[in-house]
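Dear colleague,

Please find the structure below, together with a short account of what was found in it.

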Amino acid sequence: MKLNPFSWRNSLFIKIYLTLLASLAVVAIASAAFVWIGHDEDDRGWRGRRDQFIAAMLPPEASPAELDALLMRLGGALDADLAIYDRRGRLVASAGDPFPDRIREWRGHRHHEDDADEDDHGMTMRLSDGRIVAARMESPLGPGNRNPLAYLVMIAGVIGLAAYPVVRHLTRRLEALRKGVDAWGEGALVTRVPARGSDEVAAVAQSFNRAADHIERMITAHRALLANASHELRSPLARLRMAIDLYEQSHDEARKAEIVRNLGELDDLVEEILLASRLDHADRLDHVEPVDLLALASEEGARNGIEVSGTPAIVDGDPRLLMRLVRNLMQNALRHGAPPVTAELARAGGKILFSVRDHGEGIPEGEGRRVFEPFYRPSGRGETAGGWGLGLSLVRQIAGHHGGTVRHERPADGGARFVVEFPDRGGPEN
């Protein structure tokens with residue numbers, strides 16, 4: 001079933017980008033509030049000092065002539081028009097150009113296009129004795145009235161524009177990862193996602209690719225196992241059907257033995273398939289104990305008529321699986337090799353080496369690795385001769401679960417030798 005694409009409301013890019021812009025807006029508004037409060041406090045403090053200074057410069061007992069002289073000096077220093085009014089609004093003294101009649105409407109630092117030139121700033125203040133001082137100048141006296149919010153909005157806008165490509169790049173990589181996972185989930189097992197970079201997104205992509213490789217190999221192996229198992233089951237089933245038909249016609253003991261043998265072959269094959277599947281999905285052994293590998297091999301060798309020699313050695317593992325490993329190697333040598341068949345246990349270089357040797361035709365050159373594949377059939381071997389089944393494949397799986405490896409060797413005098421290496425962890429015999 002095809003997945004519906006995400007809507008813009010569910011887009012990770014939109015969510016991240018809007019979260020970033022909202023965070024910038026909150027920071028801008030909070031910063032503007034703090035700046036505004038601080039600016040207002042500074043302005044009030046400056047106004048208080050200004051009023052005290054002007055009140056000291058213009059004492060109430062000074063005559064109009066003295067006030068005119070003082071205003072002339074202040075106006076020249078500040079390049080401003082100045083005027084003093086009494087409580088009733090009558091002009092007491094002035095310097096510079098006259099003021100408009102609406103002087104009483106001025107408050108603080110304000111620009112009045114109706115009453116002054118475009119670049120003039122007018123203000124009034126009331127002294128403690130009731131007099132009103134008016135001033136008009138080209139530049140404001142005291143801190144300006146710039147709005148800090150505008151600067152913060154501009155900074156937030158620049159950051160928002162700069163963050164867009166960064167957020168888009170990140171979410172585009174996540175989008176590609178999602179599409180790859182969707183395609184893989186729909187059955188395209190060969191799908192892999194780009195894993196460029198060294199951040200968390202690249203790490204997730206690499207983990208997905210590793211998991212996809214592993215699962216693809218497992219599914220491919222299981223498909224091959226199922227196909228080969230189906231093929232291998234046909235031969236004993238056909239022989240069993242024929243033996244039953246013949247036995248119905250003639251109750252011959254040989255026919256009965258053939259039926260029993262074919263049933264045993266089917267039972268062994270099904271058991272090996274189940275064991276291979278269980279080992280594929282097992283991360284660790286269910287049961288581990290010290291196992292005397294020489295004693296185990298000697299017991300199995302006596303059952304199969306194979307001479308076993310070597311040095312005692314202890315292997316930590318599952319006795320049943322180790323018995324299966326030894327049995328498969330010995331039966332493989334008896335079935336596909338030629339006598340004499342021998343087994344040997346040795347220790348060298350921190351390893352425990354268990355080997356089984358036969359003197360048959362051996363395995364063709366270049367196929368020593370493939371022999372451990374499930375149901376491997378050597379080149380030139382006919383259908384009637386059969387293949388290797390799961391025997392050696394199980395040997396490799398069991399060895400791997402015990403921390404070991406298995407390899408094929410070609411002795412100089414012919415035949416085949418299979419060597420299993422286990423880690424030598426020491427023991428009473430070492």
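Arg 357 is buried, with a relative accessible area of 10%. Please note that this is a predicted model. Arg 357 forms a salt bridge with Asp 413, and the closest N and O atoms are 2.7 Å apart. Because Arg 357 belongs to strand E9 and Asp 413 to the loop between E10 and E11, the pair ties together parts that are 56 residues apart in sequence. Asp 413, in turn, is exposed, at a relative accessible area of 58%.

Strand E9 (residues 351-358) pairs with strand E11 (residues 416-423) in the antiparallel sense, over eight bridges. Within E11, Ala 416 is the bridge partner of Asp 358. Both strands belong to an open, mixed sheet of five strands, ordered E6-E8-E9-E11-E10. Its edge strands are E6 (307-310) and E10 (405-409), each of which pairs on one side only. From one strand to the next, the twist averages 20°. Helix H6 (residues 293-304) lies across E6, E8, E9 and E11, and runs at about 165° to E6.

The structure holds 15 salt bridges. Among them, Arg 407 meets Glu 421 at 2.5 Å, N to O; this pair links strand E10 with strand E11, the two residues being 14 apart. Glu 421 counts as buried, at 19% relative accessibility. Arg 407 also meets Glu 409 in a salt bridge, at 3.0 Å. Elsewhere, Glu 299, Glu 300, Arg 303 and Arg 327 are linked in a salt-bridge network.

Finally, a cis peptide bond joins Pro 339 and Pro 340, with omega at about 0°. Pro 340 lies in the loop between helix H7 (319-336) and E8.

With kind regards

Notes. Residues are numbered from 1 along each chain as its sequence is written. This is a predicted model: local features need pLDDT of at least 70, side-chain atom pairs count only at pLDDT 80 or more; totals for chains, interfaces and linings use all residues. Side-chain values use heavy atoms; hydrogens and water are left out. Two strands pair if DSSP finds at least two bridges between them. Helices (H or I, at least four residues) and strands (E, at least two) are DSSP runs, numbered from the N terminus. Axes are lines fitted to C-alpha atoms, for helices over the stretch in contact, and angles run from 0 to 180 degrees between N-to-C directions. Contact means heavy atoms within 4.5 Å. A salt bridge is a side-chain nitrogen of Lys or Arg within 4 Å of a carboxyl oxygen of Asp or Glu. Buried means under 20% relative accessible area, exposed over 50%, partly exposed in between (1.4 Å probe, protein chains only).
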